[in-house]
Amino acid sequence: MAAILGENEIVSTREFEFSRERVFEAWVNPELLKRWWGPNGFTNTFHEFEIKPGGNWRFTMHGPNGVDYENHNVFEEIVPLERIVLKHMSNPEFRVTAIFEDLDGRARLTFRQLFMDKKTFEAVKAYAADGNEQNFDRLNLVLQEG
């Protein structure tokens with residue numbers, strides 16, 4: 001499904017042929033998460049992953065162009081099987097709200113990415129929505145692998 005652009009926000013939604021529990025697990029299990037997080041061609045090295053409110057998630061995204069991107073997120077809220085809220089502290093700053101819905105054994109994931117300022121949003125909206133779709137594609141591949 002195409003992303004919806006709101007006021008400084010990109011909202012992406014995807015339905016998966018896997019249970020909500022399985023999709024949620026792919027977000028909270030660092031061994032799974034590092035396999036799919038990021039656009040196509042990126043890999044991740046996790047340095048810290050504290051999946052709790054106030055917990056840090058520090059990692060390096062390795063781009064296909066050989067450039068490393070240091071990332072720092074702080075988990076703000078974790079409601080098992082329902083919602084994860086995190087703040088991306090690195091540039092660009094944004095808040096992610098991931099909402100997990102049960103669809104009779106399948107799952108709908110809604111990914112809300114709210115940017116802290118309009119200038120940043122305008123600069124990244126052209127590529128961020130597509131990047132989110134690539135993230136969903138990669139997540140689906142990891143779920144298929146079991």
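The model is predicted, so local features need pLDDT of at least 70 and side-chain atom pairs count only at pLDDT 80 or more, while totals for chains, interfaces and linings use all residues. Residues are numbered from 1 along each chain as its sequence is written, and side-chain values use heavy atoms, with hydrogens and water left out.

**Aromatic pairs**

- The structure holds 20 aromatic pairs, a pair being rings of Phe, Tyr and Trp (its six-membered ring) with centres within 6.5 Å, where planes under 30 degrees apart count as stacked, over 60 as edge-to-face and the rest as tilted.
- One of these pairs is formed by W37 and F111, which are tilted at 55° between the planes and lie 6.3 Å centre to centre.
- This pair links distant parts of the chain, 74 residues apart, since W37 sits in the loop between α2 (30-36) and β3 (43-49) and F111 in strand β8 (residues 106-115); helices (H or I, at least four residues) and strands (E, at least two) are DSSP runs, numbered from the N terminus.
- Both W37 and F111 are buried, where buried means under 20% relative accessible area, exposed over 50% and partly exposed in between (1.4 Å probe, protein chains only).
- The rings of F49 and W57 have their planes at 90° and their centres 5.7 Å apart, so this pair is edge-to-face.
- F49 is buried with a relative accessible area of 19%, and W57 counts as buried at 1%.

**Nonpolar core**

- The largest nonpolar core has 38 residues, of which W27, W57 and L139 touch the most other members; such a core is a set of buried Ala, Val, Leu, Ile, Met, Phe, Trp, Tyr and Cys residues joined through side-chain atoms within 4.5 Å.
- Helix α3 (residues 118-145) gives the most to this core, with eight residues.
- Leaving aside residues up to four places away in sequence, L139 touches F16, V23, A26, W27, W36 and L109, contact meaning heavy atoms within 4.5 Å.

**Helix α2**

- E31 is found in helix α2, and at 49% relative accessibility E31 counts as partly exposed.
- The C-alpha atoms of E31 and M116 are separated by 29 Å, with the two residues 85 apart along the chain.
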